[in-house]
Amino acid sequence: MPIPYYPGCTLSTKARGYDASGRAVAKALGLELEELQDWNCCGATFPLAMDNLLAMTGPTQVLVQARAHSDRLVTLCAICYNVLKRTNYFLQSDAEKRDRINYFIEADYAGDLRVQHFLEILRDELGFEALKQRVDEARKETGKSLEGLRVAPYYGCLLLRPEKELQLDNAEDPRILEDLLQAIGCDPVDFSHRVECCGSYLLVTSPDLAADMSYAVLQSAAHNGAHLLVTACPLCQYNLDHKQAEMARQHPGFKPLPVLYFTQLMGLALGLNSDDWGWELHYVDPRPVLAGHGL
Amino acid sequence: MSEELVPVFIMGKRYDVPPSLTIMKAMEYAGYQLIRGVGCRGGFCGACGTVYRLRDDDTLYFCLACQTVVQPHMYLVQIPFFPAQRAEYDLSKLVPRPEQLFSLYPELLRCLGCGTCTKACPQDLDVKGYMAAAMRGDIARVADMSFDCIMCGLCAARCPVGEAQYNIAILCRRLYGRYLAPRSQHLEDRLAEIKAGKFDKPLEELKSLGVEELKERYKARDIEPR
Amino acid sequence: MARVRLSRERVRGELVRKIEELSGQNLLACNQCGKCSAGCPAATVMDLLPNQVIRYAQFGLEQVLEAKSIWICASCQTCYVRCPHGVDLSRIMEALRVIALEQGDDHLRPQELDPDEVADMPQLAVIAGFRKYTMMGG
């Protein structure tokens, strides 16, 4: 049965390489993703004020739409994942407010959908062992491998926190990206800033602060010998990626580090055609580093 | 008049009007001389957006005054115009890309997706749906979903974050028409024919005719089959 | 800051009540251990440290609404997952933003955004910015 898939607004524009590579990887692994039709924006932030029910009407309508097709919904964007899953948790735990939202949007949602991140499906349903086998098979065919590629797995915030509601992995010491990277044959780099914030939406009002926060993450990864970073979040990707030329001017010795989506790296490991995975949208072009490793 | 009159409340004042009238005609019957809030009287121009309630009903209803027949105990007001953000642009200098929408209408990205606009649309458009498409940057989809928009502005009047849905929609329809819609070959061919002078002679002939002869020709013209 | 006078009226006052209601948090559950400030990735540029924000809130001091810190918080939730008492400071920060927005101007105006920057940013950054920095209702 196909899994309803919610790309989120940025995966149809700036992060279309994430969308394209994610779909390609899912297809290659026999997972059928089916995009919801005419979906609306999740809101990009989970409303933290207890009375802000109006801001929850948007994400609730996404859940309602998915529930009409299935008992679950999968996302790639970490922000959409966070907002949809937290909204779902809220609706499950507060029946009175759920009724009020249902009344307003003229729906009858009971809160009985599972919101999943694509990573969870890879880990818990396909299994990283099976993924490793697929990658090994692909390597035999193509002769290409990610061996020797040192990759910094950057989690950021919204994939993990708050752990009580998301339950994807340990919020302080997650393993899921490291295990995935090992399964696809590269070398995960341990670094201090893997669960630190990139600056998030401060980009809009305090861009310099956001850049400083992103710089700290990049430095930490570089210091530990990473060739590149991977992320599951299009806002992290942009924050980490788009100001590196300026960072290089400000900080002598800073070497640009490409920032990829984990699905792009998975797709390369699986030997898929990566021509339309949005490489031109990256500010630090990952292709030279990848080519240096025979990819 | 033989039919029994029904009470309607226009801006809070009671009038008894014939039940077969549209809201617009009822207002005129009641003595209003409409200068604003009236236009084509055919449901196309969007000038007569109207909000009403019914007695013992908590729903707020939206309609066009020229298209809606009065009901007893209708409490109504017209909203002929609602101020909304309107970007200035030269269509020929725009690009049909998502970023174009976001830079001309950054407030588009304030949309909550609450759907209040959809409830307000007298054309029954999925306004929230086309706003969602706009936030995704899908210009063609906005153009398609908003095709029947008559720019009445009731969506903007109801929006909790002050969106200008109808102005964003027409930008998308313009971008679609100018840049994205497939070019039609028969139009290009015909334009080439016109430029080459194929119709110069018949046109000169028409110009030389008198009014009566023109009327005859008009009546006898070919009409495209529906 | 200048010396402040605490009083029962203030500590049980309207501001404290409103922060607790909007955030859903019990402010007095915080015992000022400072773990939130230790882990906050933006604390270095804050005028009030995260634990100080709670302290001001506990005492019902309106100055907290003037603090830059409430606009610097990126809702990263690090403080929340590390709080030994389960206090969700990100919700308290949000409550303070909401109150400040109700009392004053929006912190972000669409017309003040640079169109070229908006065109370049992922739209979710701008969406999130509006959600955090403007009053619903326009």
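**Close-up views of a predicted model**

**View 1. Helices α2 and α3 of chain A pack at an angle of about 90 degrees.** In this predicted model, helix α2 (residues 54-67) of chain A meets helix α3 (residues 78-93) of chain A with the axes 9 Å apart. Helices here are DSSP runs of H or I with at least four residues, strands are runs of E with at least two, and both are numbered from the N terminus. Axes are lines fitted to C-alpha atoms, for helices over the stretch in contact, and angles run from 0 to 180 degrees between N-to-C directions. α2(A) and α3(A) are therefore roughly perpendicular to each other (65 to 115 degrees).

**View 2. Here are the residues that join α2(A) to α3(A).** From α2(A) come A:M56, A:P59, A:T60, A:V62 and A:L63, which meet A:V83, A:L84, A:T87, A:N88, A:F90 and A:L91 of α3(A); contact means heavy atoms within 4.5 Å. These residues divide into 8 nonpolar, 3 polar and no charged (Ala, Val, Leu, Ile, Met, Phe, Trp, Tyr, Cys and Pro count as nonpolar, Asp, Glu, Lys and Arg as charged, the others, Gly among them, as polar).

**View 3. Chain B holds 10 helices and 5 strands.** Its C-alpha atoms fill a box of roughly 65 × 55 × 30 Å along the principal axes. Of the 226 residues of chain B, 44% are buried, that is, under 20% relative accessible area (1.4 Å probe, protein chains only).

**Notes.** Residues are numbered from 1 along each chain as its sequence is written, and chains are lettered from A in the order in which they are written. Local features need pLDDT of at least 70, side-chain atom pairs count only at pLDDT 80 or more, and totals for chains use all residues, while side-chain values use heavy atoms, without hydrogens and water.

Key
Parallel < 35°, antiparallel > 145°, perpendicular 65-115°, else oblique. Buried < 20%, exposed > 50% of the residue type's maximum accessible area, 1.4 Å probe, protein only.
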